[in-house]
Amino acid sequence: MVQEVHVNVVDVDVPPPPPPGKARQMREREREDAAEKGKKPDKLTYLEFHKQQMKNVYDPLLTKQERIGKITSQQKEALHEALRLFADKIDEIQEHQLEAERPVMPDEAVLKSVPANANYIKVSADLKTVNHFETCVDNWIGVVGRLIEEKPLYTDLEPQNIPEEVGPATELKWWKERAVKFANLTEQFLRPEVKVVLGVLGAARSALLKQWRDVDAKLTEAANESKENVRYLSSLEKFFEALEKESPVVLLNILPALINNIQMMYTIARYYSTERHMMVLFCKITNQLIVACKNDVRQSQMSATHLWAQAESKD
């Protein structure tokens with residue numbers, strides 16, 4: 001966990017912040033440019049802006065600055081590492097947004113034919129509009145269904161057959177990626193044009209509407225599952241990091257706390273407290289322990305004091 005760092009800004013040569021209204025001006029400029037191109041501004045540009053600030057301003061500053069206020073070198077390194085992780089998280093979010101399958105939205109020309117606050121019953125008499133909206137909803141059902149059916153890597157294997165290099169951090173990573181995908185998809189379905197589509201199809205008594213409601217309920221349930229699993233697995237993240245970095249001697253001391261946390265998660269978690277999830281998690285933890293022991297043995301063989309020599313001297 002990163003310690004709280006208080007920086008004395010008087011002692012740091014920090015570039016002046018952007019003038020007030022700079023972000024607003026950038027957004028307005030992007031909207032104008034997007035309007036000329038006939039499309040909405042891309043939200044990824046805002047994430048990219050913050051990522052570039054982290055990598056091009058603060059990262060070089062912390063690398064170059066030997067002393068920052070009254071904080072220790074250890075605290076400075078912790079702050080530096082936190083900023084790097086923040087930039088990496090932005091990269092991950094951008095990657096997942098680009099990889100995610102996007103639902104097809106209705107054509108703007110068709111939407112413009114539906115006036116604001118229109119009587120959906122009158123609009124539903126237009127079969128061309130209804131058919132177009134049904135095509136969109138059919139696509140939404142497919143997109144949501146395919147995302148829900150996604151399974152983690154090695155899901156077809158028995159837990160004990162999961163490759164040794166696959167540790168518990170991969171479990172948290174997969175659920176984080178899944179939660180981001182569901183959040184992005186849910187946000188897409190909150191757009192006003194979705195309300196228009198569903199309103200018209202409801203007035204037309206479309207058979208697809210019942211299928212959509214069933215899929216929408218499954219989407220909500222799957223999104224809640226992902227968010228909850230991320231919350232509980234994130235509470236174990238510090239243990240996962242220790243399993244990757246620490247020696248077996250240190251790991252021996254933290255294992256009781258790790259097991260207690262898993263037991264608590266198994267008791268209160270709604271979704272993750274299944275036999276399958278627990279088996280997979282414990283197998284991945286075992287894999288990481290095996291890797292840690294192998295690395296420790298290899299390091300001892302290269303060191304001046306051989307591991308086996310230490311054992312013989314104790315005997």
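These legends describe close-up views of a predicted model.

**View 1. The largest nonpolar core has 31 residues.** Phe133, Val137, Trp140, Val144, Phe189 and Trp212 have the most contacts inside this core. Helices H4 (108-112), H6 (127-149), H7 (169-188), H8 (192-203) and H9 (208-234) each supply at least two of its residues. H6 gives the largest share, ten residues. A second, separate core holds 22 residues, including Tyr232, Met265, Met278 and Ala292.

**View 2. Trp140 belongs to an aromatic cluster with Phe189 and Trp212.** Leaving aside residues up to four places away in sequence, Trp140 touches Pro103, Val104, Met105, Phe189, Val194, Val197, Leu198 and Trp212. Phe189 and Trp212 are both buried.

**View 3. Trp174 and Trp175 form an edge-to-face pair.** The structure holds four aromatic pairs. In this one, the ring centres of Trp174 and Trp175 are 4.8 Å apart and the planes stand at 85 degrees. Trp174 is buried at 17% relative accessibility, and Trp175 is buried at 5%.

**View 4. Phe189 and Trp212 also pair edge-to-face.** Their centres are 4.9 Å apart, with 70 degrees between the planes. Phe189 sits in the loop between H7 and H8 and Trp212 in helix H9, so the pair ties together parts 23 residues apart in sequence.

**View 5. Helix H11 has a kink at Ile254.** H11 covers residues 248-268 and reaches 30 Å from its first C-alpha to its last. The kink is about 40 degrees and comes shortly before Pro256. The buried residues of H11 are Leu251, Leu258, Ile262 and Met265.

**View 6. Arg231 lies over the face of Tyr232.** The distance to the ring centre is 5.4 Å.

Terms used
Residues are numbered from 1 along each chain as its sequence is written. This is a predicted model: local features need pLDDT of at least 70, side-chain atom pairs count only at pLDDT 80 or more; totals for chains, interfaces and linings use all residues. Side-chain values use heavy atoms; hydrogens and water are left out. A nonpolar core is a set of buried Ala, Val, Leu, Ile, Met, Phe, Trp, Tyr and Cys residues joined through side-chain atoms within 4.5 Å. Buried means under 20% relative accessible area, exposed over 50%, partly exposed in between (1.4 Å probe, protein chains only). Helices (H or I, at least four residues) and strands (E, at least two) are DSSP runs, numbered from the N terminus. Contact means heavy atoms within 4.5 Å. The expected span of a helix is 1.5 Å times one less than its number of residues. The bend at a residue is the angle between axes fitted to the seven residues ending there and the seven starting there. Rings of Phe, Tyr and Trp (its six-membered ring) pair if their centres lie within 6.5 Å; planes under 30 degrees apart count as stacked, over 60 as edge-to-face and the rest as tilted. A charge sits over a ring if NZ of Lys or CZ of Arg is within 6 Å of the ring centre and within 35 degrees of the ring normal.
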